[in-house]
Amino acid sequence: MMKQTIYAVFLNVIIAITVVADDTSFFVLQNRLKKINNFYVHFIQKVVNSDNNVVLEYHGELWIKRPNLFNWHMISPEENFLISDGKTLWFYIPSIKQVTAYRLQNFSDNIFFMLFSSNNVYEWNEYTVSQKGDFFHLIPISNNFTLKECRIKITDQGIIEKFSIFEEKGQRVDYCLLDQNNNDIDISKFYFAPSKDIELDDQRK
């Protein structure tokens, strides 16, 4: 049950963001994101209910390397990892020594970090984008999404300071990103090889 709960949180709050490519604001956002080829931050993630109360709070760190490589390390309240090597998505919980492997391509429309790690502009086709200063608002065109809006604050130097994901029922998830570092990241950070004492649930078949 704990595994299912944590996994559900990941799928609900790290949602792929796509935007309409003929919007001027989109090109501004793209140009700022292109300044990020390697990306490391500490983050604070807060789940806020419709009454504006924080119901969950997480702390962790994130590494990203274009294209399609990322390592999401949740440190507290329970340690877990979401790692992409470009082909496989690994979800690992150290406390129970269990990892689930998925084909990354099956999650390309469901993982928020693909916004930062993907180079494929044609994936950005289901949301409109508007800009106000360093804030970019992304609104879905279709009504078939639980996501209502996403707001990203990114400077013209390519520094992502925060972003928020708003859901239809009034809940939102806020991310505060701290100490962004764009130095090169060793490729080994994005690979995962389960040892013999780790139970593997392979969903790639």
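**Salt bridges and cores in a predicted model**

Student: How many salt bridges does the structure hold?

Tutor: This is a predicted model, where local features need pLDDT of at least 70, side-chain atom pairs count only at pLDDT 80 or more, and totals for chains, interfaces and linings use all residues. Residues are numbered from 1 along each chain as its sequence is written, and side-chain values use heavy atoms, with hydrogens and water left out. A salt bridge here is a side-chain nitrogen of Lys or Arg within 4 Å of a carboxyl oxygen of Asp or Glu. By that rule, the structure's count of salt bridges is seven.

Student: Which residue meets D197 in a salt bridge, and where does that partner sit?

Tutor: The side chain of D197 meets that of K97, at 3.3 Å from N to O. The pair links distant parts of the chain, 100 residues apart, with D197 in the loop between β11 (172-181) and β12 (199-202). Strands (E, at least two residues) and helices (H or I, at least four) are DSSP runs, numbered from the N terminus. The partner K97 sits in the loop between β5 (88-93) and β6 (98-103).

Student: Which residues touch the most other members of the largest nonpolar core?

Tutor: A nonpolar core is a set of buried Ala, Val, Leu, Ile, Met, Phe, Trp, Tyr and Cys residues joined through side-chain atoms within 4.5 Å. The largest one has 34 residues. Those touching the most other members are F39, L62, I154, I160 and L177.

Student: Which residues is I154 in contact with, leaving aside its neighbours within four places in sequence?

Tutor: Contact means heavy atoms within 4.5 Å. With those neighbours set aside, the partners of I154 are L29, R32, L33, I36, D134, F136, I159 and I160.

Student: What arc do the buried residues of helix α2 cover around the axis?

Tutor: Helix α2 (residues 24-33) has S25, F26, L29, Q30, R32 and L33 as its buried residues. The arc is that of the directions from the helix axis to the C-beta atoms. These residues lie on the same side of α2, because the arc they cover is only 160°.

Technical notes. Buried means under 20% relative accessible area, exposed over 50%, partly exposed in between (1.4 Å probe, protein chains only).
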